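Here is a short briefing to read with the model open beside you. Take the topics in any order you like.

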Amino acid sequence: MRYLTSFMGTLLATVLPLFPLQAAPLQPVPAAQAGHATQATLLGAAWAKDRVVAVGDHGMVLLSDDQGKSFRQANSVPLSSPLNGVSFVDDKQGWAVGHWGAILSTSDGGDSWQIQRLSSEEDRPLFAVHFFNARQGVAVGLWSLVLTTDDGGRTWAEQTVQAPPGSSRADLNLMGLFADGHGRLYATAEQGQVLRSEDKGKSWSYLDTGYEGTLWSGAVLADGSLLVGGQRGTLLHGTAEGKDFRRLPLESKSSVTSIAVSGPQVLVVGLDGLMVRSSDGGQSFREQLSADGVSLTAVLLNGGGAPVLFSRRGVVPAED
């Protein structure tokens, strides 16, 4: 069995602190309706046009139609295992991924979900998903697992990933996905690696950032450059081709968990309430910690540049 690195272990310590190669076969149980739904650990979020959709612990799916001011629980989710990532292509069509290699789909903006894929014999989690359009999507997860679809998720194909430089096999945990406006897809991974695909996940090359720890998240800035973050306050800035990565100085040693970009507005969040902001497209940053120090797990920026924040304790109330 292989233990997770610190961030995922921290977030999921009460859910699944380690990932066994073999586990008891999964018996799908629908997510329960909960009065404290907004306090559940939330691990991923996305815009479904004007709606916020957040996913997390116990198959939790929360929806907001007022830019994150208030949330309600989805009507029907067929799994109660953790969901780690979510992606939408419009106001109706979306996908979520999680433990047991689960991939769920929705056609009504997240109100109800259906299982597209589930590995009931082996818990090999998927950590992130990205759809380019209603047909083509990619999901990534434990030990270099990459799945692609060209039919909207009705079928998924596992792709072979070549070993990273200096290694005999591809067994990195692939933690996050983000894309640019030119069809290029990036995956953040262990050992300071960022993977890049120019064919919608069918093949990948490695971008070595010079860092050796785990990178959890990333984003493309307005000028096309890359911003990636990971363990111990690591925030790296480099070119779209993966060159000239440099570490941006942060006083905090708290791990970066999520990055949101809206035009020139950039917000980086992390454990222990870490928040790092830029209003000039990433040319300069200002750092702060939230007053309560809660570990932030996901962030979105609305049309006005205001943050919608999620944490280990659920939805973070919007600032007045």
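**A buried glutamine and its surroundings**

Gln-73 counts as buried, because its relative accessibility is 12% (buried means under 20% relative accessible area, exposed over 50%, and partly exposed in between, with a 1.4 Å probe and protein chains only). This is a predicted model, in which local features need pLDDT of at least 70 and side-chain atom pairs count only at pLDDT 80 or more, while totals for chains, interfaces and linings use all residues. Residues are numbered from 1 along each chain as its sequence is written, and side-chain values use heavy atoms, with hydrogens and water left out.

**Around Gln-73**

- Gln-73 sits in strand β6, residues 72-73 (strands are DSSP runs of E with at least two residues, and helices are runs of H or I with at least four, numbered from the N terminus).
- The side chain of Gln-73 reaches the backbone oxygen of Ala-32 at 2.8 Å, and also the backbone nitrogen of Ala-34 at 2.9 Å.
- A polar contact here is a pair of N or O atoms within 3.5 Å; within protein, one must be able to donate a hydrogen and the other to accept it, and residues adjacent in sequence count only if both atoms are side-chain atoms.
- Leaving aside neighbours within four places in sequence, Gln-73 is in contact with Ala-32, Gln-33, Ala-34, Ala-37, Met-60, Val-61 and Leu-62 (contact means heavy atoms within 4.5 Å).

**Salt bridges**

- The count comes to eight salt bridges, each being a side-chain nitrogen of Lys or Arg within 4 Å of a carboxyl oxygen of Asp or Glu.
- Asp-111 and Arg-51 meet through their side chains in a salt bridge of 3.3 Å, N to O. This pair links distant parts of the chain, 60 residues apart: Asp-111 is in the loop between β9 (103-106) and β10 (114-117), and Arg-51 is in strand β4.
- Asp-111 is buried because its relative accessible area is 15%, and Arg-51 is buried too, at 14% relative accessibility.
- Arg-72 and Asp-111 also form a salt bridge, at 2.8 Å from N to O.
- Arg-72 is partly exposed, with a relative accessible area of 34%.
- A network of salt bridges links Arg-51, Asp-65, Arg-72 and Asp-111.
- Glu-198 and Arg-196 meet in another salt bridge, at 3.7 Å from N to O. Glu-198 is exposed at 57% relative accessibility, whereas Arg-196 is buried at 13%.

**The largest nonpolar core**

- This core has 17 residues, and Val-53, Val-61, Val-77, Val-86 and Trp-113 touch the most other members.
- The elements giving two or more residues to the core are β3 (42-48), β4, β5 and β7 (83-88). Strand β7 supplies the largest share, three residues.
- A nonpolar core is a set of buried Ala, Val, Leu, Ile, Met, Phe, Trp, Tyr and Cys residues joined through side-chain atoms within 4.5 Å.

**Positive phi angles**

- Most residues other than glycine have a negative phi.
- His-58 is not a glycine, yet has a positive phi of about 60°. His-58 lies in the loop between β4 (51-56) and β5 (61-64) and is partly exposed, with a relative accessible area of 48%.
- Trp-143 likewise has a positive phi, near 55°. Trp-143 belongs to the loop between β12 (137-141) and β13 (146-149), and counts as buried because its relative accessibility is 16%.
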